[in-house]
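Reader: I am new to this structure and would like to go through it in questions and answers. Please show it before we start.

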Amino acid sequence: MESHVDARARELARIVWDHLVLSGPLSKADVILALGCHDTRVAVHAARLWHEGWAPLVVVSGGRGKITSSWEETEARVFGRVAREHGVPGRALLLEETAANTGENVTASRRLLAERGVPVRSGILVAKPYMTRRALATARRQWPGVSWAASAPEVGFDAFGGDERQFIELMVGDLQRMVVYADRGFQVPMPVPAAAWAAYEELARLGFDRHVIR
């Protein structure tokens, strides 16, 4: 990781990570929905799931978000290219290029599939590991009636890579949203353990609060 973060912040971040990462056994589904972000490993993992036969269709969703606002292309275009480079044919790939957040990843993809006449009874959400819990909570609220599972690239906390400070700031924001967005009705409630919430509060006090909702 590029940025220097002290041992205490890293210890707290690991507690947050351990709560936010939520993925279980997969079942065959109607669609794989890859949530756009700055990490193209998500698209690679979605392609892998397609090759393994978990679903016949991959939707990559994302316009530009807080980290990708300067990208020349939408997240969906970048993810779509990566998926094709990893063997997903055009006939099995749909691009949703408008979503700017997780809720819109779900609602805009829902509209797109409805317009295409694709029935969805089950789906697999593919996201960064620490986004899996919030992605599930969001999809269960924004697209009820679908049986959702979550999956992520198989990378652990210590090997995640990239800018370590940004990584922790994003997790801090995501954990806060588990509570705030449930209160606002954007996602189903998922209780946050006291230890994870205490870690979030201390990290915010230490200045890892760039993505905290004020």
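Reader: In strand β2, which residues point one way and which the other way?

Author: This is a predicted model. In a regular strand the side chains alternate between the two faces of the sheet. In β2, residues 58–61, V59 and S61 point one way. All four are buried, and those that point the other way are V58 and V60.

Reader: What is the bridge partner of A34 in β2?

Author: Strand β1 covers residues 31–35 and pairs with β2 in the parallel sense. There are 4 bridges between β1 and β2. Within β2, the bridge partner of A34 is V60.

Reader: Which residue in β3 stands opposite V59?

Author: β2 also pairs with strand β3, residues 93–96, in the parallel sense over 4 bridges. In β3, the residue opposite V59 is L94.

Reader: Through which helix does the chain cross from β2 to β3?

Author: β1, helix α2 (residues 41–51) and β2 make a β-α-β unit that is right-handed. The crossover from β2 to β3 is right-handed as well. Its helix, residues 75–85, is α3.

Reader: Is D30 buried or exposed?

Author: D30 sits in the loop between α1 (7–20) and β1. The relative accessible area of D30 is 17%. Buried means under 20%, so D30 counts as buried.

Reader: Which backbone nitrogen lies 2.7 Å from a polar atom of the D30 side chain?

Author: Leaving aside neighbours within four places in sequence, D30 is in contact with residues including A55, P56 and L57. Among its other contacts are P119, V120 and S122. The backbone nitrogen at 2.7 Å from a polar atom of the D30 side chain belongs to R121.

Reader: How far apart are the end C-alpha atoms of helix α6?

Author: α6 runs over residues 164–183 and has 20 residues. At 1.5 Å a residue it should span 28 Å, and the distance in the model agrees with this. The end C-alpha atoms are apart by 29 Å.

Reader: Where does α6 bend?

Author: α6 is mostly covered, with 17 of its 20 residues buried. The helix bends by about 35°, and the place of the bend is R177.

Reader: At the start of α6, which backbone nitrogen does a side-chain oxygen of D163 reach?

Author: The oxygen belongs to the side chain of D163. It comes to within 3.1 Å of the backbone nitrogen of R165.

Reader: Which residue just after α6 takes a positive phi?

Author: The end of α6 is at residue 183. The positive phi just after the helix is about 85°, and the residue is G185.

Notes. Residues numbered from 1 in each chain as written. Predicted model: local features only at pLDDT ≥ 70, side-chain atom pairs only at ≥ 80, totals over all residues. Heavy atoms only, no water. Buried < 20%, exposed > 50% of the residue type's maximum accessible area, 1.4 Å probe, protein only. Helix = DSSP H or I, 4+ residues; strand = E, 2+ residues; numbered from the N terminus. Pairing = 2+ DSSP bridges. Right-handed = clockwise from strand over helix to strand, strands pointing away. Polar contact = N/O pair within 3.5 Å; in protein donor to acceptor, adjacent residues only side chain to side chain. Contact = heavy atoms within 4.5 Å. Expected span 1.5 Å × (residues − 1). Bend = angle between axes of the 7 residues up to and from the residue.
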